[in-house]
Amino acid sequence: ASQAPSIEYQFRDDADVIAFARQHVGDQLPAFTSASELQVEEIGDGNINYVYRVCTPDRSASVIVKQGLPWVRIIGESWPLSLVRVRIEAETLQFEADCAPELVPVLYHFDESRSAIVMEDIGDHRNLRHAFLERTVLPELGAQMGHFLATTLYRSSDLALDAHDKKARVARFTNPDQCKITEDLFFVDPFCDHERNSINPALRSDAEALWQDAALKVEVAELKQRFLSTPEALLHGDLHAGSIFVREDSTKVIDPEFGFFGPAGFDIGSWLAALWLAACAHTELEGEDDRRDYVAQLRAQAVASWESFAREYREQAAHTSDASFAAPGVAERLLSRILRDALGYAGCELIRRTIGLAHVLELESINDGAVRARAERRALALGRELILARESLEDLAAADGVVARLLG
Ligand code: SR1
Ligand code: MG
């Protein structure tokens with residue numbers, strides 16, 4: 001927070017961040033507000049915003065302050081970004097907290113005039129990307145993510161909401177700049193020779209083959225069209241491993257600034273791809289027995305996530321008050337559509353994280369270029385197959401069969 005402010009509401013310096021945090025935590029964290037001295041550090045490693053931890057000198061009490069500027073942080077003013085995303089992040093976080101309070105940080109305050117959010121510090125958790133890299137066993141993760149997806153996606157759907165309330169929410173969560181990022185980075189750039197792409201030279205010919213794949217482009221266009229035109233549920237919108245923090249006994253989902261009403265399968269697919277991207281990386285990494293076990297665990301978590309999601313979705317759908325949706329067979333029909341969407345969006349995420357703009361640490365941290373290329377090639381092949389075969393995959397076990405075949 002030490003650089004000169006370039007716009008009026010930006011935090012001027014450390015003291016400004018501290019004063020803001022102290023003012024807005026209020027009586028929710030008394031030890032924090034009464035402390036005579038507080039410290040601040042900038043901890044953001046994401047692409048878009050500034051994130052600060054404000055804490056007492058002994059670190060016994062702390063909060064996170066997140067501020068958005070009207071552009072993409074890592075690019076600058078040449079990539080403008082609406083500040084509506086900060087309100088949408090705060091309101092999506094609150095909705096998620098109403099659905100699954102144990103799975104998100106507590107929202108202490110949203111300040112529209114400073115485009116800033118004050119929230120619980122979940123510093124006793126670590127980022128899932130690092131847990132993946134260290135092959136951490138997280139036995140509850142699949143079920144916890146299945147629950148997060150079932151409760152947020154069902155409770156924001158037409159099966160749960162009154163018709164007028166639903167439409168008002170769709171309008172309130174309209175998030176066009178964030179959606180445009182996804183529309184471009186998921187569905188356009190990786191399928192053409194776009195200047196924003198970042199491609200391992202060893203994978204150039206694989207990428208070029210993908211760009212010539214006419215059948216694949218038709219399927220991707222259909223997925224994009226559903227992303228644009230299917231306000232089925234309030235999505236997190238960016239559910240990759242970097243948006244998830246874990247302890248052995250606890251999971252926290254953060255950063256819903258891409259929240260909007262879209263196809264429910266998008267969040268599920270993003271999450272499944274997070275597991276399968278890690279599986280692609282570990283398939284090629286050393287440590288034979290350990291590696292096989294870990295890949296098997298990642299695959300099992302994908303199956304557990306879907307099973308937990310589908311079970312809870314069915315349970316909730318059994319209580320819908322909407323006469324159309326209560327009819328026998330409707331919940332199964334909707335689940336079937338959500339699964340096919342999820343597999344298609346998982347395929348897009350696998351591909352865009354391999355040859356698009358934003359990559360994942362699990363693949364990027366493989367130092368040996370040849371090993372990395374093999375892992376990336378697996379991710380591309382799996383992504384393509386999931387997109388093309390999704391309509392014929394009846395359940396997650398069938399999708400897992402594809403994963404098993406392509407991961408060898
Ligand atoms: C310019 S933003 C690039 C990516 O980072 C975000 O976390 C989203 O995943 C976005 O696609
Ligand atoms: Mg993010």
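Student: What makes H13 mostly covered?

Tutor: In this predicted model, 20 of the 26 residues of H13 are buried. A residue counts as buried if 20 or more other C-beta atoms lie within 10 Å of its own, as exposed if 12 or fewer do, and as partly exposed in between; C-beta atoms are placed from the backbone.

Student: What must I know about the model and its labels?

Tutor: Residues are numbered from 1 along each chain as its sequence is written, while chains are lettered from A and ligands numbered from 1 in the order in which they are written. The model is predicted, and local features need pLDDT of at least 70, side-chain atom pairs count only at pLDDT 80 or more, and totals for chains, interfaces and linings use all residues.

Student: How does the reach of helix H13 compare with the expected span?

Tutor: Helix H13 covers residues 330–355 and reaches 38 Å from its first C-alpha to its last. The expected span is 1.5 Å times one less than the number of residues, and for the 26 residues of H13 that gives 38 Å, which the helix is close to. Helices are DSSP runs of H or I with at least four residues, strands are runs of E with at least two, and both are numbered from the N terminus.

Student: Why is Arg405 called exposed?

Tutor: Arg405 has 11 other C-beta atoms within 10 Å, so it falls under the limit for exposed. Arg405 lies in helix H16, residues 396–407.

Student: Which residues surround ligand 1, and how do you know their kinds?

Tutor: Asn47, Ile48, Val72, Ile181, Leu185, Asp238, His240 and Ala358 surround ligand 1; a residue is near a molecule if its C-beta atom, placed from the backbone, lies within 6 Å of it. The shell divides into 5 nonpolar, 2 polar and 1 charged. Ala, Val, Leu, Ile, Met, Phe, Trp, Tyr, Cys and Pro count as nonpolar, Asp, Glu, Lys and Arg as charged, and the others, Gly among them, as polar.

Student: How do you know that E10 and E11 pair?

Tutor: Two strands pair if DSSP finds at least two bridges between them. Strand E10 (residues 244–247) has 4 bridges to E11, so the pair qualifies. The two run antiparallel: Ile244 stands opposite Val253, and Phe245 opposite Lys252. A hairpin of 2 residues joins E10 to E11.

Student: What makes E8 and E11 edge strands?

Tutor: The open sheet has 3 strands in the order E8-E10-E11. Strand E8 (126–127) and strand E11 (250–253) each pair on one side only.
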